[in-house]
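Here are some notes for a colleague who is opening this structure for the first time. Please read them with the sequence and the 3D view side by side.

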Amino acid sequence: MLFFEFGIKDIVDIVLVAIMLFYAYRLMKDSRSLNVFIGILVFIVLWLIVSQVLQMKLLGSIMDKVLSVGVIGLVILFQDDIRKFLFNLGAHQRVRALRRLIVSDDKALEKAHLKQVIMPVVMACMSMSKKKIGALIVIQRATPLDDIISTGEVINADINQRLIENIFFKNSPLHDGAMIIAKEHIKAAGCILPVSHNLDIPKEFGLRHRAALGITQESDGIAVVVSEETGSISIAIHSKFHLRLSAEKLESILTSELA
């Protein structure tokens with residue numbers, strides 16, 4: 001009799017729970033908290049057995065209270081991971097497409113102004129690459145980077161190849177930090193970025209690469225890195241690196257992402 005009561009709604013319910021658990025598993029795995037996730041699942045299974053199957057009222061009541069308080073504790077403990085998950089959800093390509101249908105995205109750069117932003121950055125990166133001058137340039141998109149800008153020296157100047165190279169010159173006091181480009185201007189330099197602790201980052205990558213990956217994990221910004229050791233140019237987008245880029249490839253990626 002119970003078999004015939006199992007309908008479409010129950011299948012949808014199971015599928016949604018499975019999807020939710022899968023994404024929770026991926027989130028915990030990326031944040032190196034897989035054991036915590038397994039522990040939570042074990043506790044939930046025990047709670048279901050005690051309260052629903054065995055119907056132990058006293059123990060079930062205690063576990064209910066622990067579960068309700070534990071949810072708040074988990075939100076506090078994993079607030080950065082939850083924030084990252086919700087940001088990635090909002091930044092998903094299909095969600096962004098839906099958002100554009102509802103609200104016009106006035107933060108997107110017009111094609112006529114793309115070269116004013118891209119070409120000075122590309123040319124400066126190529127020049128610094130030949131001289132093996134380290135650089136870290138972050139281009140703001142939809143996510144505001146005001147908190148990052150406040151950690152550096154505010155410049156608010158037009159984007160200029162020579163200015164970029166002078167800022168990252170080895171004797172410059174601002175060369176160790178990151179440059180932030182927003183709204184077609186160099187907003188600040190010498191900025192401090194969040195550093196990624198991802199264990200998958202190659203060991204030969206230094207602090208600049210970890211900072212580049214870190215800012216793309218917490219925002220939709222684009223981070224361009226010039227290696228001081230090898231002179232190679234890399235770009236970090238959506239927590240992923242594109243390595244050993246030529247001028248043409250760098251220009252192509254920036255144009256595609258900023259258009």
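1. Helices (H or I, at least four residues) and strands (E, at least two) are DSSP runs, numbered from the N terminus. Strand E5 (residues 222-226) runs antiparallel to E6 and is joined to it by four bridges, where pairing requires that DSSP finds at least two bridges between two strands. Six residues lie between the strands in this hairpin, and glycine 231 takes a positive phi near 80° there.

2. The model is predicted, with local features needing pLDDT of at least 70 and side-chain atom pairs counting only at pLDDT 80 or more, while totals for chains, interfaces and linings use all residues. Residues are numbered from 1 along each chain as its sequence is written, and side-chain values use heavy atoms, with hydrogens and water left out.

3. The pLDDT, which is the predictor's confidence in each residue from 0 to 100, has a mean of 80 for the protein chain, and 76% of the residues reach 70 or more. Over residues 103-109 the pLDDT is below 50, and this stretch has six contacts in the model beyond near neighbours in sequence, a contact being heavy atoms within 4.5 Å. Where pLDDT is low, the predicted coordinates should not be read in detail.

4. E6 is largely enclosed by the rest of the structure, because five of its five residues are buried (buried means under 20% relative accessible area, exposed over 50%, and partly exposed in between, with a 1.4 Å probe and protein chains only). Ile233, Ile235 and Ile237 point one way from the strand, whereas Ser234 and Ala236 point the other way.

5. On E7 (240-242), histidine 242 is the bridge partner of isoleucine 235, and the pairing of E6 with E7 is antiparallel over three bridges. Two residues lie between the strands of this hairpin, in which histidine 238 takes a positive phi near 55°.

6. Serine 239 sits in the loop between E6 and E7 and counts as partly exposed because its relative accessibility is 26%. Beyond its neighbours within four places in sequence, serine 239 is in contact with Leu213, Thr216 and Gln217; the C-alpha atoms of serine 239 and threonine 216 are 5.2 Å apart, although 23 residues separate them in sequence.

7. Glutamine 217 belongs to helix H9 (residues 207-218) and, at 16% relative accessibility, counts as buried. Its side chain makes a polar contact of 3.2 Å with that of serine 196 (a pair of N or O atoms within 3.5 Å; within protein, one must be able to donate a hydrogen and the other to accept it, and residues adjacent in sequence count only if both atoms are side-chain atoms).

8. The largest nonpolar core has 31 residues, and Ile235 and Phe168 are among those with the most contacts inside it; such a core is a set of buried Ala, Val, Leu, Ile, Met, Phe, Trp, Tyr and Cys residues joined through side-chain atoms within 4.5 Å. Elements that each supply at least two of its residues include helix H6 (111-131), E5, E6 and helix H10 (247-258), and H6 gives the largest share, eight residues. Another core, of 16 residues, lies apart from it, with Leu136 and Leu193 among its members.

9. Phenylalanine 169 is in the loop between H8 and E3, and at 43% relative accessibility it counts as partly exposed.
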